[in-house]
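Here is a short note for a colleague who is opening this model. Please keep the sequence and the 3D view side by side while reading the points.

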Amino acid sequence: QVQLVESGGGLVQPGGSLRLSCAASGSIISINTMGWSRQAPGKERELVASITRFGNTNYADSVKGRFTISRDNAKNTLYLQLNSLKPEDTAVYYCNGEILKRYTVRPTTVWGQGTQVTVSS
């Protein structure tokens, strides 16, 4: 059993910051690309940022320069630093990872349960 657990969401004022974490646990051999997506009410889920095992990153245009994705491979943990938050950043944020599980031959995508980020004054 492999699971991803997000934490760090909450209520923050416009212009504020949050740091999200996503810890992977279970029978993990390796984790390839990891990412953060978000889904606002009434909207489709969108990719926010991704990072390869070697640290190559990719960001949605809407968050470039404000959000920073990082990971600690030794701890199987993914992070997202959210700065200069705007009301339109309000959403449930989900992490995911391409995980090679023990006793399998190819990686599968595992998703976390999500953490709510609300930006409001």
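1. The structure holds four salt bridges. A salt bridge here is a side-chain nitrogen of Lys or Arg within 4 Å of a carboxyl oxygen of Asp or Glu. Arg 38, Glu 46, Arg 66 and Asp 89 are linked in a network of such bridges.

2. A word on the source. This is a predicted model, in which local features need pLDDT of at least 70 and side-chain atom pairs count only at pLDDT 80 or more, while totals for chains, interfaces and linings use all residues. Residues are numbered from 1 along each chain as its sequence is written, and side-chain values use heavy atoms, with hydrogens and water left out.

3. Where does Asp 89 sit? Its place is the loop between β8 (77-82) and β9 (91-101). Strands are DSSP runs (E, at least two residues), numbered from the N terminus. Asp 89 has a relative accessible area of 0%, so it counts as buried; the cut-offs are under 20% for buried, over 50% for exposed and partly exposed in between (1.4 Å probe, protein chains only).

4. Asp 89 and Arg 38 form a salt bridge, with the closest N and O atoms 2.9 Å apart. The pair links distant parts of the chain: Arg 38 lies in strand β4 (residues 28-39), 51 residues from Asp 89. Both residues are buried.

5. Arg 66 also forms a salt bridge with Asp 89, at 2.7 Å between the closest N and O atoms. This pair too links distant parts of the chain, with Arg 66 in the loop between β6 (57-59) and β7, 23 residues from Asp 89. Arg 66 is buried, because its relative accessibility is 11%.

6. Is Glu 46 buried or partly exposed? At 34% relative accessibility, Glu 46 counts as partly exposed. Its side chain meets that of Arg 38 in a salt bridge (2.7 Å, N to O). Arg 38 is buried, at 6%.

7. Leaving out residues up to four places away in sequence, Asp 89 touches Arg 38, Arg 66, Phe 67, Ser 84, Val 117 and Val 119. Contact means heavy atoms within 4.5 Å.

8. Now the sheet. Four strands form an open sheet in the order β1-β3-β8-β7, with antiparallel pairing. Two strands pair if DSSP finds at least two bridges between them. The edge strands are β1 (2-7) and β7 (67-72), each pairing on one side only. Six bridges join β1 to β3 (residues 18-26). Gln 3 stands opposite Ser 25 in β3.
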